[in-house]
Amino acid sequence: MSGFDLLIRGGLLVDGTGRPGRPADVGVAAGRLTVLAPGEAPRTGAAEVIDARGRVVAPGFVDVHTHSDGVTLLGPSGGRSALVRASVLQGVTTEICGNCGSSLFPALPERLPAMRAETRITFGGDVGAYADFAGFAAAHAEVPRANHLASLVGHGTLRAGVLGPVDRPARPDELRTMCALLDASLAQGAAGLSTGLIYTPGSYAGTDEVVALAAVAARHGKPYVTHLRDEMSRVEEALEEAIEISRRSGAALHVSHHKTAGRYAWGRTERTLPRIAALRAEGMDVTCDVYPYTAGSTALAAMLPPWANDGGLGALTARLGDPAQRDRMRRAIAEGVPGWENTVGNGGWDRISVACAPRHPQAEGRTVADLAASAGADPLDVAADLLVAEAGEVTIISHSMVEEDVRRVLAAPYAMIGSDGVPKPGGRPHPRWAGTFPRVLGRYVRELGLLRLEEAVHKMTGMAAARFGLTGRGVVGDGAHADLVVFDPATVADRATFTEPLLPPAGIDAVVAGGEVVVRGGEETGARPGKVLTL
Ligand code: ZN
Ligand code: CU
């Protein structure tokens, strides 16, 4: 027994299946794993030995919900490296991007220049737009990365890539084109279909359009992943729409970042979770993910009614220049619009703080209500002026949830962990991009005892790999891909905060991806074995 590239000795193996941890050594050779009884491997013969005494050895974490589609494509300047590093430093060896209806592909060739202009704004730099998954994967293959990346097909992107960002139903020929582009990218290896039904242009689609597309995913045996049409006062109706889409299309259902946010929906997880559990008991394949924070993060433009965003960001900023249009928006927020989530109407501008406004760093970290009070202005005008000055792109943090709901979702046996991280240069992004996984292990496992360690690791690994078809990942076993994390269960903790959002965690000692050590002693090694995964 020798010839390992790497031997991890003396740790407690928590293998990702949910089974109790057991002492074991883990050998790595040619990118694959061998599990050994303690002391079975000779002390010599491995090129590198990691001493894991007192540590947990687990499969590398799978972050099932990211918006990291473009961060490695941004180039080496402007904080890119700190943004890229944050994920792998928390133990993530596979990121699944393309969530919430937004991906960097697919689109008809004639739509690509306009799509590229939009992705430049939404991803904070020129990350491109691609005709299909193969084009996306080829662009990523040019840029070395530490961990692996898989991508869903975003429905909003797909729709804009065929119709443009317009507020109308798709014509039958357009829907056929969308189905064909989706089919091609899924055949090339994309992970499934995602929607973001609160976001334009995805929100312009009715249920039938999504059913037709989800049926394409179903034919590939890939899931329908959805940011529900409403996560606030109408969250139960929105969940029923997702269930209907899954039933009619035959696609498995995965509910993204499940939450019941805003004062009218607090406590509603007491109804949504039993509903999901009952469906599972009937045999329906439905799962969800969750991040361990009571605040969310999104675009400031999403605080405005859907018609305001018709035509894309350029059309939005033009409307914001017109006082009469602003008054219409103010009224829509005060009175609501049928079928629109209306975050501000469900909470208030005092719960919305500016996370990233590149030309207005003095606004970052402050609430819109507070900015309005100091300017002696109406909050909608403050938000509108900021959007105009920033050409439409301002990121916000929305303090919209209560802890009891977050805990209930975390504890649900079918809930996996996804950061919903938005790694965009500048400002103060939500700390979930750097803190999610250690926060679950430190706060919710060790401090609060909400989850057993093995359960939490399963939610971060084996459960996620099974949902997204990551064959040979998410579980430590003989012949599995060598993606691993070594952490100290006594000290693991998130350190990222809303004021210092990229602070690396404590207690994540080593990370192995594709058989290479990418983090050692809590620091990146510089190895770049990561790949785009073709599923
Ligand atoms: Zn989302
Ligand atoms: Cu998201």
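Predicted model: local features only at pLDDT ≥ 70, side-chain atom pairs only at ≥ 80, totals over all residues.
View 1. Residues are numbered from 1 along each chain as its sequence is written, chains are lettered from A and ligands numbered from 1 in the order in which they are written, and side-chain values use heavy atoms, with hydrogens and water left out. Helices (H or I, at least four residues) and strands (E, at least two) are DSSP runs, numbered from the N terminus. Strand 10 and strand 11 (residues 224-227) pair in the parallel sense over four bridges; two strands pair if DSSP finds at least two bridges between them. Strand 9 (residues 153-154) also runs parallel to strand 10, joined to it by two bridges, and there Gly-154 has Ser-194 as its bridge partner. Leu-193 and Thr-195 point one way from strand 10 (residues 193-196), Ser-194 and Gly-196 point the other way, and all are buried. Buried means under 20% relative accessible area, exposed over 50%, and partly exposed in between (1.4 Å probe, protein chains only).

**View 2. A right-handed β-α-β unit is made by strand 10, helix 6 (residues 207-219) and strand 11.** A crossover is right-handed if, with the strands pointing away from the viewer, the path from the first strand over the helix to the second runs clockwise. On the way from strand 10 to helix 6, look for Pro-201 in the loop. The peptide bond from Thr-200 to Pro-201 is cis, with omega near 5°.

**View 3. Cys-100 (SG), His-227 (ND1) and His-257 (NE2) coordinate the zinc ion (ligand 1) at 2.0 to 2.2 Å.** His-227 belongs to strand 11, whereas His-257, 30 residues apart from it, sits in the loop between strand 12 (253-255) and helix 8 (269-281), and the pair links distant parts of the chain. Donors are N, O and S atoms within 2.8 Å of the metal (3.2 Å for Na, K and Ca); water is not among the atoms, so sites may look incomplete. Along the sequence, the zinc donors follow the spacing C-x126-H-x29-H. Both histidines, His-227 and His-257, are buried. The copper ion (ligand 2) is 3.0 Å from the zinc ion (ligand 1), and Cys-100 coordinates both.

**View 4. The loop between strand 7 and helix 2 holds Cys-100.** Most residues other than glycine have a negative phi, and most peptide bonds are trans. Cys-100 has a positive phi of about 60° although it is not a glycine, and Cys-100 is buried, with a relative accessible area of 7%. Pro-106 lies in the loop between strand 7 and helix 2 (112-122), and a cis peptide bond with omega of about -10° joins Phe-105 and Pro-106. Strand 7 (residues 92-97) runs parallel to strand 8, with four bridges joining them, and Glu-95 is partnered there by Leu-149. In strand 8 (residues 148-151), His-148 and Ala-150 point one way and Leu-149 and Ser-151 the other, all of them buried.

**View 5. Strand 16 (residues 395-398) is covered on both faces.** Thr-395 and Ile-397 lie on one side, Ile-396 and Ser-398 on the other, and all are buried. Strand 14 (residues 296-299) runs antiparallel to strand 16 and is joined to it by four bridges, with Ala-299 partnered by Thr-395. Strand 15 (residues 352-356) is likewise antiparallel to strand 16, again with four bridges, and Val-354 stands opposite Ile-396.

**View 6. The largest cavity has a volume of about 60 Å³.** On a 1 Å grid over the protein atoms alone, a cavity is a set of points where a 1.4 Å probe fits but cannot get out, and a pocket is an open set with protein on both sides within 12 Å along at least five of seven lines; lining residues have an atom within 4 Å of a point. Grid points are joined across faces, edges and corners, and a volume is the space filled by probe spheres set on the points. Among the residues lining the largest cavity are Thr-395, Lys-424 and His-430. The second largest pocket has a volume of about 220 Å³, and its 13 lining residues include Ile-121 and Lys-424, which are among those nearest its centre.
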